[in-house]
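Let's take a walk through this model together. Have the sequence and the 3D view open, and we'll go from single residues out to the whole fold.

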Amino acid sequence: MIGAPTTDRERLTVTLWESLAVLAAGTGAGAINTMVGSGTLITFPVLLAVGLPPVTANVSNTLGLVPGSLSGAIGYRRELRGQGRRLLALAPAALIGGLAGAVLLLALPSAAFDTIVPVLVALALVLIVLQPRLSRAVQSRRERAGAAAPGNGGPLLFTGILLASAYGGYFGAAQGIIYMALMGVLLHEDVQRINAVKNVLAMVVNGVAAVFFVFVADFDWAAVGLIALGAAVGGQIGAKVGRRLPPVVLRGLIVAVGLVAIVQLVTG
């Protein structure tokens, strides 16, 4: 049974195959979120296809992907070593932004976000493609000025993470791509270590949005459970595959997924 558990509305009856489709979508989303981001573009359409209303599907998806975010962060724990201070500096931005986005989901119409989201994703892809060159330019300017690169990206990265997290709390598709673009340009760091930070920040955003939604929004426990189970498994798969990818391949995968995201967001 998949339906809205927090109201008296008629519940939807789904077949075994539809339940398996939701489970498979959760697994795929968990894997792709850990490696790149945009797993929501897999799960959200499936939830709509089995009959959930858009907002209920979005909320259920956010709740279900929390275990996947945690699984991906654990899978990348080796790359997180030595980044504790950076996480402590950026996590508050993710927390505040994620909560703000969750509130906006229930308070505002989606028209404005529907317009700006493809633009944000496209800008993030441009930054991903140009990231090596931009990073070298930023580092060269700092060296000429005799200034060391801030270990946590400074106020500019904090603000960028805050805004990206607000978007993530609202919908989340391609949130990871935006994170990777921002940190890739503003941090002098290996792409795999940046990916590890991205997974933790995504976990914070999904977690705070999920806690908020549990108390105020309609969601579907069956959908949440199926996605959570699949995403937890997918997070481990994504960590094992993602950390083996060379930086150029990982960057190429991010761009490919981002292009698909733009097409789906524009045509959907």
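Is Glu79 buried or exposed? Glu79 counts as buried, because its relative accessibility is 11%, and buried means under 20% relative accessible area, exposed over 50%, and partly exposed in between, with a 1.4 Å probe and protein chains only. Before going on, keep in mind that this is a predicted model, where local features need pLDDT of at least 70, side-chain atom pairs count only at pLDDT 80 or more, and totals for chains, interfaces and linings use all residues. Residues are numbered from 1 along each chain as its sequence is written, and side-chain values use heavy atoms, with hydrogens and water left out.

Back to Glu79, which forms a salt bridge with Arg78, their closest N and O atoms being 3.7 Å apart. A salt bridge here is a side-chain nitrogen of Lys or Arg within 4 Å of a carboxyl oxygen of Asp or Glu. Arg78 is partly exposed, at 47% relative accessibility.

By that rule the count comes to 3 salt bridges. Look at Glu189: it pairs with Arg86, with the closest N and O atoms 3.0 Å apart. That pair links distant parts of the chain, since Glu189 sits in the loop between helix 8 and helix 9 while Arg86 belongs to helix 5 (residues 84–107), 103 residues apart. Glu189 also forms a salt bridge with Arg193, again with a closest N and O distance of 3.0 Å. Through shared partners, Arg86, Glu189 and Arg193 join into one network. Within it, Arg86 is buried at 13% relative accessible area, whereas Arg193 is partly exposed at 22%.

Now zoom out. The protein has 11 helices and 0 strands; both are DSSP runs numbered from the N terminus, helices being H or I with at least four residues and strands E with at least two. Of its 268 residues, 51% count as buried. One of the buried residues is Ala29, with a relative accessible area of 0%, and Ala29 lies in helix 1. Leaving out residues up to four places away in sequence, Ala29 touches Gly39, Ile42, Thr43 and Leu65, a contact being heavy atoms within 4.5 Å.

Finally, the elements and residues can be tied to the chain as a whole. Among contacts between residues at least 6 apart in sequence, 81% join residues at least 24 apart.
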